[in-house]
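The following note sets out several points on the structure shown below. Please read each point with the model at hand.

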Amino acid sequence: MIRNPGKNLLILFFVLLVFLIPVLIKDPYYQHILNVVFLFTISVYGLNIIAGITGQFNIGHAGFLGIGAYISALATNSLMLSFWLAMPLAILGTAVFGFLIGYPSLRLRGVYFALTTLCFGEILSLVFENWIPVTGGPTGISRIPAPTSIRLSEGISFAFDTKIGFYYLCLIFVLLSLYINRQLLKSRLGRAMLAVRENEDLAQSAGIPITRTKIIAFILSMMFVGLCGSLYAHYFRFISPVSFSVPESFRQVTMLFVGGRGTLLGPLIGALIFTALPEVLRSIEDYQWVVYGAILMVFIVFLPKGIVGLIQDITETLRLPRNGNREQ
Amino acid sequence: MSLLVCEKLHKVFGGLVAVNQVDLKIEEGEILGLIGPNGAGKTTLFNLITGFLPPTSGRISYEGKEITRFPPYVLASRGLVRTFQKINIFPELSVLDNILIGRYLHIGAGFFQSLFQSRIHHREEKEARDRAFAISEFVGLSGWEDHQAKNLPFGLLRTLGIAVALATGPKLFLLDEPASGMNTEEKKEIIEVIRKIYESRITLLLVEHDMSVVMNLCSRIIVLDAGAVLMEGNPEEVQHDSRVIEVYLGKGYKRAAGTR
């Protein structure tokens, strides 16, 4: 680890900057884009834990995101719960679902988990589309309330029904996700997850229970996804099966890969690029998935560790002792 | 009482008997060599003992308790730890993180302690790091801690594998061909490391293809051939046993040895 005295100052500067962005950017269109970036960032941080840090590919990510969104939407619209109750419910529900899927499929090595999640992603989008009495079918659920405002005292309250209000709500969760990922990597659990990704045999012989570690990683990952699903539903105030289809899962996998899997800033960078890109690609919307597919392939083949990984590799190479041999 | 006892250990792959009714004892504090020609079943026997393969029949006990069919991570938590013949490291992680993963069993503070940055977490992390640096120095990896494991020179890759295993705090340390593929210089270094481990009172089982390494280190040697124990003895006895010379070194060597 490199200790840098200026690093903390730099981080402080960036945190201040992101807090000031709504003041600097007045255009509601850009504010909206930023909110969507943050939403995806939270979700990709979740994906990062299972696919990036633990190395188990979840290709049904968007389906699980849908679970969080539908639970939260149904909790507020049908059960008349407040958003602040619906959100933890969505987190819990998604985590439980993750456990049920992960418990059998993560015991096997290799591609089984990826295949299981791919299938469940597809099954879930079929369920969203066809379980009309509950999910509303293809028309989805509309008129989802915005998060209820928090009133601290007379005159001081936080409302989240505006873009700026929601920006701050998301920002807090993004910073929280970043912090959780950071502390995870500094804990024995996080290192065990990395060990499972890097080398299962060696991890086992170092005393790490690999199945349990993978299941914990998946549950933790699902909690982020549940949180994001809930925020998603209450930001757009409308959800439909299209948002939680298999191509959406691949978009988030692409975000993770391009940003840098298993890194701390990768999810944020990936979400930023791939939320902005569809806006740019709007004129060729029909072909956008082709572009994503191409980008994903190029990255997997040439830059498997993404943008952040590339930067890390360059600095590592520069620090390597010459001739590959160092005298002590 | 022996630290590890194998009784009538048997392993069949399809029609092939890889390990045939092997009885084996490892005494506390010794360094036991296990040799044999290619395909003698050394690595299979090794995998049976360390829980990476289930035996077809037979039993294994460790510290007087039966451990047959225990998963590797449970065995590791009891101090029975192995290294691998092929290069086995966590390639994308730093050398220090590799060794820190080896400390997994010795850190009590979990994820929540890390999340809330509890004092226990900070103390244990510091202890683990200090220990990892000490181990790194012990095996001769000083100065490489910050670098990615995959960038180590070849000779040090296996040293790192040993460091990771050593970090778990083994009581019985099983090394699978630690010197394979190494040049003379690297071999000398790895023998030195193994000797230092032995001197720190860790019981060792050394599986080796390379005679010079075993002869240098072990006080007792078991020779395996075609899955069964051929003989057992000290290096001197093994070197001069005609059966061993025949199966292991070839008939030509026997003739050569005879003229000496």
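1. In helix H11(A), A:Arg251, A:Thr254, A:Met255, A:Leu256, A:Val258 and A:Gly259 meet A:Gly266, A:Pro267, A:Leu268, A:Ile269, A:Gly270, A:Ala271, A:Ile273 and A:Phe274 of helix H12(A). Contact here requires C-beta atoms, placed from the backbone, to lie within 7 Å. Helices (H or I, at least four residues) and strands (E, at least two) are DSSP runs, numbered from the N terminus. By class, this contact has 9 nonpolar, 4 polar and 1 charged residues. Ala, Val, Leu, Ile, Met, Phe, Trp, Tyr, Cys and Pro count as nonpolar, Asp, Glu, Lys and Arg as charged, and the others, Gly among them, as polar.

2. The model is predicted: local features need pLDDT of at least 70 and side-chain atom pairs pLDDT 80 or more, while totals for chains, interfaces and linings use all residues. Residues are numbered from 1 along each chain as its sequence is written, and chains are lettered from A and ligands numbered from 1 in the order in which they are written.

3. The axes of H11 (residues 246-259) and H12 (residues 266-280) of chain A come within 7 Å and cross at roughly 120 degrees. That makes H11(A) oblique to H12(A), a term for angles that are not under 35 degrees (roughly parallel), over 145 (roughly antiparallel) or 65 to 115 (roughly perpendicular). Axes are lines fitted to C-alpha atoms, for helices over the stretch in contact, and angles run from 0 to 180 degrees between N-to-C directions.

4. Is A:Arg143 buried or exposed? With 9 C-beta neighbours inside 10 Å, A:Arg143 counts as exposed (12 or fewer; buried means 20 or more, and partly exposed lies in between). A:Arg143 is placed in the loop between helix H6 (132-135) and strand S1 (150-153) of chain A.

5. Chain B holds an open sheet of 6 strands in the order S6-S7-S8-S3-S9-S10, with mixed pairing; two strands pair if DSSP finds at least two bridges between them. Strands S6 (80-82) and S10 (228-233) of chain B stand at the edges, each with a single partner strand, so one side of each is left without a neighbour in the sheet. S6(B) and S7(B) (residues 172-176) pair in the parallel sense over 3 bridges, and B:Val81 stands opposite B:Phe173 in S7(B).

6. The contact between the chains takes 27 residues from chain A and 34 residues from chain B. On the side of chain A that touches chain B, H8(A) gives the most, with 7 residues.

Notes
Two residues are in contact if their C-beta atoms, placed from the backbone, lie within 7 Å.
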